[in-house]
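Dear colleague,

I am passing on to you the structure we spoke of, followed by some notes on how its chains meet. Please read the notes with the coordinates open beside them.

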Number of protein chains: 2
Amino acid sequence: MNAAKWSLHPQLAADTFVVGRFELSLLLLSNDANYPWFILVPQRAGIREIHELTEADQTQLLRESSQLGRTLMTAFAGTKLNVAALGNMVPQLHVHHIVRNEHDPAWPAPVWGKVAAKAYEGRQRAERIAALFAEIGPGFTAMP
Amino acid sequence: MNAAKWSLHPQLAADTFVVGRFELSLLLLSNDANYPWFILVPQRAGIREIHELTEADQTQLLRESSQLGRTLMTAFAGTKLNVAALGNMVPQLHVHHIVRNEHDPAWPAPVWGKVAAKAYEGRQRAERIAALFAEIGPGFTAMP
């Protein structure tokens, strides 16, 4: 167990809001209102790749990712979910979950490098988080 | 079992070479020599999202993805693996596995939309596939 030594990478902390946590992963909302863009970060120190997690942790991450994916596609009526673990710039393992639809500003391209991030304003962030909470189901703990 | 009705999406067939298969997924090599770029395609008809697979298939896909990821990072001495299920343009579920390093032409950006694809020429494709085969281990069947 190395969860005790785990802490969120400063770049992820700067670019996101903490929304809650599953058993393994912290759930973040990316500060880009262009898309419902959530990020799972397994709370394990020193891990850069999914295949570096233990088998049990990999299975748990998959379970959390699928629960989140189903939730997001329902809550935000998405056309397609983009799931990606890239990490070229932020080495701490984090898995993007981005709801895409034909009306979003980057469609059908991947979101990276396409359109400048648009910081949340007004009530939109609270509304997105509330839509997520309404669908997320068990195994998730909201964080203020 | 809907594997019988499954067939590879024509766009994936056009952009890649078939390398082999795991128990669940076909393994493709993207025809872009800029990066060692492999793609897993679960052989299940009508599936667009990872969370639409059965739990058993999700677990198998994870197993194949981790085996492939470990293999690629060893075979190609990668700095970072990019794993992504996007599918905005090709709806058939497919999972990119792209070995990245500081000397590749898109680093540190994601590969999409950054640099034009560079088709394989000469022996480079056979060499990449041979490097993969040397490391891949059990559960994988090479295809000519």
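The contact draws on 28 residues from chain A and 28 residues from chain B, and please keep in mind throughout that this is a predicted model. The area buried between chain A and chain B comes to about 2,700 Å², with carbon and sulfur atoms giving 55% of it. On the chain A side, the residues that lose the most area to chain B are H51(A), K80(A) and N88(A), which together account for 25% of what that side buries.

As for polar interactions, there are 20 residue pairs in polar contact between chain A and chain B, counting pairs in which both residues are at pLDDT 80 or more, and the count of salt bridges between the two chains is two. One of these salt bridges is formed by E49(A) with K80(B), where the closest N and O atoms are 3.0 Å apart.

Turning to the elements involved, helix 2 (55–75) and strand 4 (80–85) of chain A are those that give two or more residues to the side of chain A that touches chain B, and helix 2 of chain A gives the most, with seven residues. By residue class, that side of chain A divides into 14 nonpolar, nine polar and five charged residues.

Finally, strand 4 of chain A pairs with strand 4 (residues 80–85) of chain B in the antiparallel sense, over three bridges. Within this pairing, A85(A) has V83(B) as its bridge partner in strand 4 of chain B.

With best regards

Notes
Residues numbered from 1 in each chain as written. Chains lettered and ligands numbered in written order. Predicted model: local features only at pLDDT ≥ 70, side-chain atom pairs only at ≥ 80, totals over all residues. Heavy atoms only, no water. Contact = heavy atoms within 4.5 Å. Buried area = accessible area lost by both parts, 1.4 Å probe. Salt bridge = Lys/Arg side-chain N within 4 Å of Asp/Glu carboxyl O. Polar contact = N/O pair within 3.5 Å; in protein donor to acceptor, adjacent residues only side chain to side chain. Helix = DSSP H or I, 4+ residues; strand = E, 2+ residues; numbered from the N terminus. Nonpolar A, V, L, I, M, F, W, Y, C, P; charged D, E, K, R; others polar. Pairing = 2+ DSSP bridges.
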